[in-house]
Amino acid sequence: GISSCGTDYFLLIRSLLPHVQRVIAVDLPGHGRSSPHLPADQLGACMLAALAALLRELDLPRPPVLVGNSLGGFVAAAYAAESPEGVGGLVLLSPAGAPMSDVELQELVQAFNMTQQSDSVAFIDRVLARPHAIPLPLRHALGWACRQRVSRRPIQHLLKRASTKDCVSKTQLRQFRRPVLLVWGQQERLFKEHQFRWWLEHTPAHLLEAVRPEGVGHMAPLDSPDLISDVVVDFVRRRCQGDDAAGASSSKLRARLPKLDLRRPSVQRLFALGALAYVLLRSMA
């Protein structure tokens with residue numbers, strides 16, 4: 001998602017690793033450890049080009065299954081439309097890219113306008129399914145780190161240049177050739193319900209599966225990483241690459257892994273330390 005980085009998904013990656021051959025976490029241009037020094041007016045094109053260049057360089061033995069959340073879902077869908085034979089499948093977690101009105105776009109951009117700490121906590125409360133199950137100090141730490149990321153110049157330029165024209169077209173969706181899994185949580189509060197319906201109506205029906213999990217908001221990989229992992233592994237095994245791609249039974253391997261979610265004190269401490277460390281490092285940079 002916008003301002004996120006690959007390490008944000010370590011809980012999901014950890015859950016996926018026993019079941020798949022390889023997981024590659026991508027920091028899009030302007031995000032994470034990727035270069036922040038990019039032409040602002042070309043950032044969107046740079047994201048798609050960077051993903052294409054990375055996949056060419058990796059030269060994987062088979063087309064990968066792309067997983068994208070929010071902005072990452074938009075980029076993954078655009079790549080799948082541009083290079084339909086270059087993907088083995090597509091998993092879209094609350095993807096951006098559905099059409100919206102000018103008012104809806106302004107409301108969305110305003111959600112990222114975190115001028116005060118209270119704004120950043122409100123944003124965290126909006127994107128997580130059950131924010132009040134998380135202690136307030138941790139929500140403040142997460143909000144603080146998110147505010148620091150959003151303040152980066154490439155992210156600010158991306159938000160300022162956002163337009164209702166920045167969407168996936170119906171023509172692009174018709175270019176899909178591989179199965180698509182659409183995950184849209186019951187507690188999604190950042191995007192609108194009609195945007196979910198747009199993906200349902202215009203993605204080729206013979207390729208599409210859609211799930212609406214309970215206890216999942218906009219940040220599905222943080223809300224329920226084990227659940228999302230199970231859904232993805234099951235989808236890949238059935239629709240994308242055969243039984244050998246997903247490894248052993250998800251339920252059997254899941255029993256060997258301790259559950260990790262943001263309600264556990266140990267995970268809360270880890271996130272708090274990570275968020276504070278990020279802010280300190282950013283303040284010294």
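Predicted model: local features only at pLDDT ≥ 70, side-chain atom pairs only at ≥ 80, totals over all residues.
Biologist: Why are α5 and α6 called roughly perpendicular to each other?

Modeller: The axes of helix α5 (residues 117–127) and helix α6 (residues 136–150) cross at roughly 105 degrees. Angles of 65 to 115 count as roughly perpendicular, so α5 and α6 are given that name.

Biologist: How do you know that α5 and α6 are in contact, and which residues make the contact?

Modeller: Contact means heavy atoms within 4.5 Å. On the α5 side, Gln 117, Ser 120, Val 121, Phe 123, Ile 124 and Asp 125 make the contact. On the α6 side there are Arg 139, His 140, Leu 142, Gly 143, Trp 144, Cys 146 and Arg 147. The axes themselves come within 8 Å.

Biologist: What classes of residue make up the contact of α5 with α6?

Modeller: The contact has six nonpolar, four polar and three charged residues.

Biologist: What makes a residue part of the lining of the largest cavity, and which residues are they?

Modeller: A lining residue has an atom within 4 Å of a point of the cavity. Met 100, Glu 104, Glu 107, Leu 108, Arg 126, Leu 190, Phe 191, Lys 192 and Gln 195 line the largest cavity. Helix α4 (residues 102–111) gives the most to this lining, with three residues.

Biologist: How does the lining of the largest cavity divide by class?

Modeller: There are four nonpolar, one polar and four charged residues. Glu, Lys and Arg count as charged, so Glu 104, Glu 107, Arg 126 and Lys 192 belong to the charged class.

Biologist: And what classes line the second largest cavity?

Modeller: Its lining has seven nonpolar, one polar and two charged residues. Among the residues that line this second largest cavity are Gly 89, Phe 176, Arg 177 and Arg 178.

Biologist: What makes a pocket something other than a cavity?

Modeller: A pocket is an open set of points, whereas in a cavity the probe cannot get out. About 1000 Å³ of space lies in the largest pocket. Of the 42 residues lining this pocket, the closest to its centre are Val 23, Ile 24, Val 65, Leu 66 and Val 67.

Biologist: Which element supplies the largest share of the lining of the largest pocket?

Modeller: That is β1, with five residues. By class, the pocket lining has 30 nonpolar, nine polar and three charged residues.

Technical notes:
Residues numbered from 1 in each chain as written. Heavy atoms only, no water. 1 Å grid on protein atoms, 1.4 Å probe; cavity = no way out; pocket = protein on both sides within 12 Å on 5 of 7 lines; lining within 4 Å. Helix = DSSP H or I, 4+ residues; strand = E, 2+ residues; numbered from the N terminus. Axes fitted to C-alpha atoms, helices over the stretch in contact; angles between N-to-C directions. Parallel < 35°, antiparallel > 145°, perpendicular 65-115°, else oblique. Points joined across faces, edges and corners; volume = space filled by probe spheres on them.
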